[in-house]
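The report below goes through strand pairing, helix packing, nonpolar cores, selected residues and a pocket. Please read it beside the sequence and the coordinates.

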Amino acid sequence: MGDSQTSTTHGFQAEVKQLLKLMIHSLYSNKEIFLRELISNASDALDKLRFEAIEQPELLADDTELKVSLAFDSDAGTLTITDNGIGMSRDDAASNLGTIARSGTAEFLGKLGDDERENARLIGQFGVGFYASFIVASEVTVESRRADLDASEGVRWISSGDGEYTLETIERASRGTSITLKLKDDETEFADRYRIQSLIRRYSDHIAFPVMMPSADEDSDELETINSATALWTRSRSDVSDDEYREFYQHISHDFEAPVCWSHNRVEGKREYTSLLYVPGRAPFDLWNREAPRGLKLYVQRVFIMDDAEQFLPLYLRFIRGVVDAADLPLNVSRELLQSTPGVEAMRSALTKRSLTMLKKLANDDESTYAGVWDTFGEVLKEGLAEDTSNRDTLVELLRFNTTRSEDTAQRETLAQYVERMVEGQEAIYYLTAESHAAAQSSPHLEVFRKRGIEVLLLTDRLDEWAITYLTEYDGKPLQDVRRDGLSLPETDASEDEVSEPPADDSIVARLKETLEGVVSDVRASDRLVDSPACLVTAQDDLGMQMRKMLEAAGQEVPESKPALELNLSHAMVRQMAATDDTARFEDLAQVIVGQAQIAEGRLPSDPAQYVSTLNRLLAESAS
Ligand code: ADP
Ligand code: MG
């Protein structure tokens with residue numbers, strides 16, 4: 001007898017311990033969700049068995065009726081959930097019920113604080129799954145046997161959720177898993193027929209397998225089916241209630257919160273398939289993790305094939321959840337095969353359009369709800385500008401922008417609204433990229449636009465500078481970065497405003513150029529400044545600051561490039577500079593002017609310490 005026969009004790013992975021502790025406290029008011037999680041797992045296990053049985057029908061043996069059954073004992077305060085699905089080996093039990101495999105879990109848990117409501121929200125987004133049992137159970141016993149193992153290779157896993165579990169190899173005649181909860185003293189309500197029934201109807205009705213319970217009739221040992229046991233997406237739209245759609249979403253997404261909207265469609269004809277797509281109400285914790293699972297749940301003629309089939313949607317729609325059930329894909333289709341299977345590409349293109357149409361409809365019907373979706377997923381959607389040129393026209397309508405008109409970041413505009421408000425003679429759509437809304441608002445580059453009443457889009461998301469370069473024009477109007485050279489401004493009446501003071505002699509331009517040789521690429525008189533003495537302007541084909549930072553952070557070598565300095569000849573400081581013969585003072589002022597322009601860009605002066613000492617010297621001089 002090997003070691004595996006004896007009972008062994010193991011510690012949970014640190015993340016599991018942490019999750020258990022947090023969950024038991026913060027999910028207390030949602031405790032009944034444990035049943036949904038366990039039934040959802042049972043249904044997954046049945047799906048997996050049916051999938052493996054395509055190639056190995058012998059796995060089903062004579063136990064072909066796949067189902068979940070619940071049993072309870074109110075006197076003992078126990079509840080048991082049994083499935084005849086794929087089951088677990090001893091090793092499976094140790095890794096599946098003792099660790100969390102999702103990458104980024106530790107960081108995620110590290111972010112949780114003391115606020116239980118906030119924690120509940122975040123944990124809901126993470127998904128607690130099996131571990132939710134410990135909200136109501138003082139002890140959980142899992143007995144299981146993998147479908148391809150002998151009866152002597154069953155496993156018993158026991159834990160009271162306080163840091164350890166034991167494993168034991170057992171005889172188990174039946175395939176699949178049985179989970180018994182010893183309910184805490186004040187949770188025995190869950191060992192009650194009516195309570196269980198109503199929870200199944202409420203949360204698990206859409207499960208495609210029968211969920212059964214012993215009949216209420218004491219003399220009968222028949223099981224009765226509590227749920228409707230048909231795959232929800234196979235039903236017609238008019239037969240499915242909103243609540244049922246929402247519950248189904250929670251089953252497939254592991255999200256506790258309701259989806260924002262969904263789109264359920266059957267496509268007939270040459271290629272038959274049904275899809276049910278959802279827009280979630282919030283982002284998963286790993287939205288920005290490149291390795292995070294994404295994609296739709298794939299079924300072929302109602303047989304579950306795989307989770308996270310990423311072939312059916314582009315990367316920029318990775319937040320969409322849902323199911324696709326194809327009538328004519330081969331049952332043995334693998335992830336690799338999907339790439340070359342005829343028809344998959346056409347489905348991807350159709351599902352992409354469907355998703356965008358669903359978003360567009362939401363934006364049209366309910367702008368304020370759409371605003372929330374944009375807040376959550378707008379940054380991801382914008383990647384589509386680069387990724388998906390074929391749907392650019394639709395995507396562009398989905399874009400929302402803060403502009404110089406926005407009182408706060410919540411106020412967003414569409415490009416159509418922007419164009420509608422363009423001033424007489426304005427030919428371009430202007431935008432500014434910056435680190436934050438506040439930084440954008442105070443950029444010297446906006447001065448002339450403010451003065452002339454021209455709206456500017458303010459782009460402050462991490463990827464904006466990159467994404468926006470793919471949007472070269474909208475409605476026939478080119479997009480122009482106001483921080484770059486070659487800016488064309490409409491002639492407006494305001495531009496003829498007389499300046500109260502005569503501008504400085506423009507010989508300062510050449511003088512400054514000499515002084516700042518090597519620091520800036522050029523010095524020019526500017527027509528874009530009102531209140532600031534100077535600003536930095538990037539050449540048309542140079543990398544912008546955001547891109548530069550991103551590439552540097554990714555460890556790439558970025559070619560050096562120097563911006564040009566544009567001068568406001570009417571500014572008092574510039575006029576003062578132009579008037580000085582003192583070379584040392586001129587050089588100091590030049591330093592300060594460049595340093596300020598760098599700061600206004602959200603950067604540090606090239607030599608911060610020197611900048612400070614120069615500034616102090618000038619201040620001391622003017623004070624004396
Ligand atoms: P998830 O369902 O999101 O994978 P859970 O915490 O709910 O996470 O479950 C963890 C893992 O435990 C599952 O992925 C599965 O491998 C295993 N598991 C849980 N319940 C069962 C079951 N009834 N039958 C087989 N495996 C199960
Ligand atoms: Mg689960």
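Predicted model: local features only at pLDDT ≥ 70, side-chain atom pairs only at ≥ 80, totals over all residues.

In terms of strand limits, D475 is placed in the loop between β18 (473-474) and β19 (477-481).

Another open sheet has nine strands, arranged in the order β1-β6-β5-β4-β7-β3-β2-β8-β9 with mixed pairing. Because β1 (8-11) and β9 (223-225) stand at the edges with a single partner strand each, one side of each is left without a neighbour in the sheet. Averaged over the sheet and with direction ignored, neighbouring strands are turned by 20° against each other. For β9, the pairing is with strand β8 (residues 211-214), to which β9 is joined by three bridges and runs antiparallel; P214 has L223 in β9 as its bridge partner.

Helix α2 (residues 33-55) packs on this sheet, where α2 touches β2 (68-73), β3 (78-83), β7 (176-183) and β8, and the direction of α2 makes about 20° with that of β3. Helix α7 (residues 193-203) also packs on the sheet, touching β2, β3, β8 and β9, and the direction of α7 makes about 170° with that of β8.

In soluble globular proteins, nonpolar side chains tend to be buried together. In this model the largest nonpolar core has 72 residues, and those with the most contacts inside that core are L298, F312 and Y430. Helix α10 (residues 344-365) provides the largest share of this core, namely eight residues. A second, separate core consists of 66 residues, including V16, L59, F130 and I226.

Which residues surround F312, once neighbours within four places in sequence are left aside? The contacts of F312 are then with L296, L298, V324, L329, L338, V344, M347, R348 and L351.

## F209 and A229

F209 is found in the loop between α7 and β8. With a relative accessibility of 4%, F209 counts as buried, because the cut-off for that class is under 20%. Not counting residues up to four places away in sequence, F209 touches S43, L46, D47, R50, L66, N227 and A229. Between the C-alpha atoms of F209 and E116, which are 93 residues apart along the chain, the separation is 35 Å.

A229, one of the residues touched by F209, is placed in the loop between β9 and α8 (242-253). Is A229 buried or partly exposed? At 22% relative accessibility, A229 counts as partly exposed. A229 has a positive phi of about 55°, although A229 is not a glycine.

## The second largest pocket

Rolling a probe the size of a water molecule over the atoms shows where empty space is left. In the second largest pocket there is about 480 Å³ of space. The lining of this pocket is made up of 24 residues, of which R548, S561, K562, P563 and R603 lie nearest the centre of the pocket.

The elements that give two or more residues to this lining are β21 (534-537), α19 (545-553) and α21 (583-600). Helix α19 supplies the largest share of the lining, with four residues.

How values were computed:
Residues numbered from 1 in each chain as written. Chains lettered and ligands numbered in written order. Heavy atoms only, no water. Core = buried A, V, L, I, M, F, W, Y, C linked by side-chain atoms within 4.5 Å. Buried < 20%, exposed > 50% of the residue type's maximum accessible area, 1.4 Å probe, protein only. Contact = heavy atoms within 4.5 Å. Pairing = 2+ DSSP bridges. Axes fitted to C-alpha atoms, helices over the stretch in contact; angles between N-to-C directions. 1 Å grid on protein atoms, 1.4 Å probe; cavity = no way out; pocket = protein on both sides within 12 Å on 5 of 7 lines; lining within 4 Å. Points joined across faces, edges and corners; volume = space filled by probe spheres on them.
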